[in-house]
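Dear colleague,

I am handing over the structure below, and my notes on what was found in it follow directly after. Please read them with the model open beside you.

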Amino acid sequence: MEEYVNEAAALDALAAGYKAIKAEIGKRIIGQEAAVDSILNAVFSRGHALLVGVPGLAKTLLVQTLAKTLDLSFSRIQFTPDLMPSDITGTEILDKDRTYKFLKGPVFAHLVLADEINRTPPKTQAALLEAMQEKNVTVNGVTYPLSEPFFVLATQNPIEQEGTYPLPEAQLDRFMFQIKLDYPSVEEEMAVVRATTLDKEVELKSLMSAKEILYFQHLVRRIPVPDSLYEYIVKLVASTRVGADAPEITRKYVSWGAGPRASQYLAVGAKCHAALHGKYSPDREDVRAVALEVLRHRVVKNYKAEAEGVSIDDILRELL
């Protein structure tokens with residue numbers, strides 16, 4: 001890994017690497033730029049991300065492309081109603097020497113794609129979410145550390161679809177970002193159809209190693225933040241909580257708001273957003289850039305909001 005003269009030079013290298021990675025991903029993924037931005041922010045912030053969208057929006061392809069571009073070990077877990085926790089974490093088997101041997105599950109990879117995580121019951125969901133939180137797996141009293149860096153990028157179909165098990169709020173809180181993927185524009189969809197109906201495979205370059213990613217993760221955490229911005233972040237998160245001094249829109253439409261983990265992720269996400277865009281310290285615009293992804297799965301709207309067709313994003317934009 002390259003040695004940098006100082007941290008400013010390292011931040012410049014991170015911003016340059018971010019642009020190169022986006023360009024490389026763009027060879028295979030057309031559109032979805034906002035989603036790519038947020039996923040890369042989660043990677044360099046040492047966070048996990050939940051991708052929400054209807055089937056067919058290239059969620060799985062996007063994660064596979066990211067793993068290839070970042071030169072990371074990759075595993076994909078297809079969540080189904082009959083998936084067991086041991087299918088994720090691994091299991092012990094009796095080998096030919098009559099001793100127990102632990103066979104590692106697919107969670108032992110740098111980048112784990114949890115495909116359609118809400119298609120499996122809560123017990124199996126919890127097995128993955130525990131590994132996300134603890135960064136290790138314990139089987140029969142023995143603890144096995146996971147790879148570093150370790151990210152989970154989970155995809156989720158809209159909860160209105162048949163055969164889904166919604167993730168509880170406490171489990172959603174493990175994800176740094178909830179990223180929405182929308183349908184492509186007409187021009188983007190035409191480009192997708194052209195590119196994917198040819199007998200041609202796109203070759204991708206590996207642009208960053210696991211060791212470099214770990215270095216940049218620590219670098220992002222060391223970026224200075226003024227107390228005035230911490231105050232802005234904490235007040236923004238507090239404005240989502242119902243109380244006598246809450247904003248009118250919160251009292252009207254929110255059941256309960258975001259906890260302190262949201263403030264932590266807002267601060268780290270703002271640091272990373274600033275670094276990726278060539279800035280040495282974050283400001284309010286960087287906080288605003290990541291606020292929807294950090295807060296939308298941590299704020300629960302009430303029945304009045306449901307009845308009036310007010311979305312969580314509508315509420316958050318008003319608070320911002």
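**Notes on the model**

P149 is placed in the loop between β7 (142–145) and β8 (151–156), where helices (H or I, at least four residues) and strands (E, at least two) are DSSP runs, numbered from the N terminus. This is a predicted model, in which local features need pLDDT of at least 70 and side-chain atom pairs count only at pLDDT 80 or more, while totals for chains, interfaces and linings use all residues. Residues are numbered from 1 along each chain as its sequence is written, and side-chain values use heavy atoms, with hydrogens and water left out.

The peptide bond that joins E148 and P149 is cis, with omega at about -5°. P149 is also one of the residues touched by Q217, which has its place in helix α8 (residues 210–221). Not counting residues up to four places away in sequence, Q217 touches V43, F44, R46, P149 and F151, contact meaning heavy atoms within 4.5 Å. Q217 counts as buried because its relative accessibility is 2%; on this scale, buried means under 20% relative accessible area, exposed over 50%, and partly exposed in between (1.4 Å probe, protein chains only).

R46, another of the residues that Q217 touches, lies in the loop between α2 (33–45) and β1, and has a phi near 65°, a positive value in a residue other than glycine. R46 is partly exposed, with a relative accessible area of 30%. A positive phi, near 60°, is also found for K135, again a residue other than glycine; K135 sits in the loop between α5 (122–134) and β6 (136–139) and is partly exposed, at a relative accessible area of 24%.

Turning to the sheet, five strands form an open sheet in the order β2-β5-β8-β1-β9, with parallel pairing, two strands being counted as a pair if DSSP finds at least two bridges between them. At the edges are β2 (74–78) and β9 (177–180), each of which pairs on one side only. From one strand to the next the twist averages 20°.

Within this sheet, β8 has six of its six residues buried, so it is largely enclosed by the rest of the structure. F151, L153 and T155 point one way from β8, whereas V152, A154 and Q156 point the other way, and all are buried. Strand β5 (residues 111–115) runs parallel to β8 and is joined to it by four bridges, with V112 standing opposite V152. β1 and β8 likewise pair in the parallel sense over four bridges, and the bridge partner of V52 in β8 is Q156. Strand β1 (residues 49–52) also pairs with β9 in the parallel sense over four bridges, where A49 has F177 as its bridge partner.

Finally, there is a helix pair to look at. Helix α11 (residues 260–276) and helix α12 (residues 284–295) pack at an angle of about 135°, with their axes 8 Å apart; axes are lines fitted to C-alpha atoms, for helices over the stretch in contact, and angles run from 0 to 180 degrees between N-to-C directions. That makes α11 oblique to α12, since angles under 35 degrees count as roughly parallel, over 145 as roughly antiparallel, 65 to 115 as roughly perpendicular and the rest as oblique. The residues of α11 in this contact include Y265, L266 and H273, and those of α12 include D286, V290 and L295.

With best wishes
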